[in-house]
Amino acid sequence: MLTAELIDHCKNPRHFGRLSNPDLTARIENRSCGDRVVIDLNIDSSGTIVTASGVAVGCALVTSSLSLFLGAVQGVSLEIVNTWSINEPEKWIGMRPGVLRINCANLPLAAVQQLRWGLTAIETTKGLKGDF
């Protein structure tokens, strides 16, 4: 069951959209359900996320989790974000998702953390634009 806050973030996502000239872009898809996330980040010289914006296509939980995640990472270094555990999304979504929904809540975090590995599902091209 989604909380009132999650429903609000689903209906009115914050930090929604694409940046015109991002430093990093992460894309990820949950192949088991089809949820997709794209996240654009602007990073300053110290590695801190200055601006984060993104788009989610999928269930209400992935959309609201992305909205809350993007707010949570602004002003935080990528180094710190890369240390966050699978339980971190519980802090910003305000609930512990069930086993079947944990991937929905974690998809935005997984996208950004995979940037460090250069996986094929993730694109880190400066200024990447377009749809999924």
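These are my notebook entries on a predicted model of one protein.

**Ground rules.** I number residues from 1 along each chain as its sequence is written. I take local features at pLDDT of at least 70 and side-chain atom pairs at pLDDT 80 or more, totals for chains, interfaces and linings use all residues, and side-chain values use heavy atoms, with hydrogens and water left out.

**Entry: overall layout.** I looked up the secondary structure and found five helices and three strands. Helices (H or I, at least four residues) and strands (E, at least two) are DSSP runs, numbered from the N terminus. The order from the N terminus is α-β-β-β-α-α-α-α.

I then checked burial. Of the 132 residues, 45% count as buried. Buried means under 20% relative accessible area, exposed over 50%, partly exposed in between (1.4 Å probe, protein chains only). The accessible surface comes to about 6700 Å², and 54% of that belongs to carbon and sulfur atoms. Accessible areas come from the Shrake-Rupley method with a 1.4 Å probe; for residues, only the protein chains shown count as cover.

Contacts came next (heavy atoms within 4.5 Å). Among those between residues at least 6 apart in sequence, 61% join residues at least 24 apart.

**Entry: the sheet.** I traced three strands in an open sheet, ordered β1-β2-β3, with antiparallel pairing. β1 and β3 are the edge strands, each with a single partner, so one side of each has no neighbour in the sheet. The twist averages 15° from one strand to the next. I count two strands as paired if DSSP finds at least two bridges between them.

L24 stands opposite L41 in β2, and T25 stands opposite D40 in β2. The two strands form a hairpin with six residues between them, and G34 in the turn has a positive phi of about 95°. β1 is mostly covered, with five of its six residues buried.

β2 and β3 pair over eight bridges, again in the antiparallel sense. V37 stands opposite A56 in β3. This hairpin has five residues between its strands, and G47 in the turn shows a positive phi of about 90°.

**Entry: helix α2.** Which strands does α2 lie across? I find α2 across β2 and β3, running at about 175° to β3. Axes are lines fitted to C-alpha atoms, for helices over the stretch in contact, and angles run from 0 to 180 degrees between N-to-C directions.

α2 has 14 residues and reaches 20 Å from its first C-alpha to its last, close to the 20 Å expected at 1.5 Å a residue. The expected span is 1.5 Å times one less than the number of residues.

Eleven of the 14 residues of α2 are buried, so the helix is largely enclosed by the rest of the structure. Among them are L61, L66, F69 and V73, along with T63, S64, S65 and S67. Just after α2, G75 takes a positive phi of about 90°.

**Entry: the core.** I looked for the largest nonpolar core and found 31 residues. Such a core is a set of buried Ala, Val, Leu, Ile, Met, Phe, Trp, Tyr and Cys residues joined through side-chain atoms within 4.5 Å. I39, L41 and F69 have the most contacts inside this core. The elements giving two or more residues are β1 (24-29), β2 (36-43), β3 (49-57), α2 (60-73), α3 (78-81), α4 (89-93) and α5 (102-114). The largest share, seven residues, comes from α2.

Which residues does F69 touch, not counting those up to four places away in sequence? I list I39, W84, W92, P108, L109 and V112.

**Entry: two single residues.** H15 has a positive phi of about 60° although it is not a glycine. I place H15 in the loop between α1 (4-11) and β1. H15 is partly exposed, with a relative accessible area of 33%.

Is Q114 buried or exposed? Q114 is buried, at a relative accessible area of 17%. Q114 lies in helix α5. The C-alpha atoms of Q114 and N82 are separated by 8.7 Å, with the two residues 32 apart along the chain.
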